[in-house]
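Please look over the sequence and the model before turning to the points below.

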Amino acid sequence: MLLINGTNITKSFSGEVLFENVSFNVYDKDKIGFVGINGAGKSTLFKIIIGMMDYDSGNLSKGRDVKIGYLEQ
Ligand SMILES: Nc1ncnc2c1ncn2[C@@H]1O[C@H](COP(=O)(O)OP(=O)(O)OP(=O)(O)O)[C@@H](O)[C@H]1O
Ligand SMILES: [Mg+2]
């Protein structure tokens, strides 16, 4: 079952593009590692997924009953 879909998510800070057109699906029972160098935008993308931060363009949809827990590093 599809829980979360992100399509073409783009995020900039101060006019500088951090990432663009990021697309992904999260299905139930998925186990996902989030890998990238320091400053790549992992925490930013996670904050977008949990609704703590806005994104500039693209689309993010979550299943109606999906609850997301987040433990900050
Ligand atoms: N609120 C903000 N305002 C401006 N720039 C920000 C903000 N949050 C993050 N950034 C910048 O965006 C970039 C990505 O930051 P982020 O914390 O998402 O990276 P990360 O991949 O989680 O890094 P790390 O591996 O160190 O945890 C960095 O250059 C950071 O300085
Ligand atoms: Mg981080």
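In this predicted model, helix α1 gives the most to the shell around ligand 1, contributing three residues. The shell as a whole consists of three nonpolar residues, seven polar residues and one charged residue.

**The shell around ligand 1**

- Which residues surround ligand 1? They are Phe 13, Leu 18, Gly 36, Asn 38, Gly 39, Ala 40, Gly 41, Lys 42, Ser 43, Thr 44 and Gln 73.
- Helix α1 spans residues 42-49, and the shell list includes Lys 42, Ser 43 and Thr 44.

**Overall fold**

- The protein contains one helix and three strands.
- Read from the N terminus, the order of the elements is β-β-α-β.
- The C-alpha trace extends over about 35 × 25 × 20 Å along its principal axes.
- A compact globule of 73 residues would have a radius of gyration near 11 Å, and the value of 12 Å for the protein agrees with this.
- Of the 73 residues in the protein, 7% are buried.
- When contacts between residues at least 6 apart in sequence are considered, 54% of them join residues at least 24 apart.

**Pairing of the strands**

- Strand β1 (residues 2-13) and strand β2 (residues 16-27) run antiparallel and are joined by eight bridges.
- Within this pair, Ile 4 of the protein stands opposite Val 26 in β2.
- β1 and β2 form a hairpin, with two residues between them.
- β1 also pairs with β3 in the antiparallel sense, over five bridges.
- In β3, Ser 61 is the residue that stands opposite Asn 5.
- As a general point, side chains in a regular strand alternate between the two faces of the sheet.

**A buried residue in a loop**

- Where is Tyr 55 found? Tyr 55 belongs to the loop between α1 (42-49) and β3 (57-62).
- Is Tyr 55 buried or exposed? Tyr 55 is buried, because 20 other C-beta atoms lie within 10 Å, and the cut-off for a buried residue is 20 or more.
- Leaving aside residues up to four places away in sequence, Tyr 55 touches Ile 9, Thr 10, Lys 11 and Ile 48.
- Tyr 55 and Ile 9 are 46 residues apart along the chain, yet their C-alpha atoms are separated by 6.9 Å.

**Positive phi angles**

- Most residues other than glycine have a negative phi.
- Ser 14 is not a glycine, but it has a positive phi of about 50°.
- Ser 14 lies in the loop between β1 and β2, in the turn of the hairpin that these strands form.
- Ser 14 counts as exposed because it has 4 C-beta neighbours inside 10 Å, and the cut-off for an exposed residue is 12 or fewer.
- Lys 29 is also a residue other than glycine with a positive phi, in this case near 75°.
- Where does Lys 29 lie? Lys 29 is placed in the loop between β2 and α1.
- Lys 29 is exposed, because 6 other C-beta atoms lie within 10 Å.

Notes: Residues are numbered from 1 along each chain as its sequence is written. Chains are lettered from A and ligands numbered from 1 in the order in which they are written. This is a predicted model: local features need pLDDT of at least 70, side-chain atom pairs count only at pLDDT 80 or more; totals for chains, interfaces and linings use all residues. Helices (H or I, at least four residues) and strands (E, at least two) are DSSP runs, numbered from the N terminus. The radius of gyration is taken over C-alpha atoms; the globule rule is 2.2 Å times the number of residues to the power 0.38. Two residues are in contact if their C-beta atoms, placed from the backbone, lie within 7 Å. A residue is near a molecule or strand if its C-beta atom, placed from the backbone, lies within 6 Å of it. Ala, Val, Leu, Ile, Met, Phe, Trp, Tyr, Cys and Pro count as nonpolar, Asp, Glu, Lys and Arg as charged, and the others, Gly among them, as polar. Two strands pair if DSSP finds at least two bridges between them.
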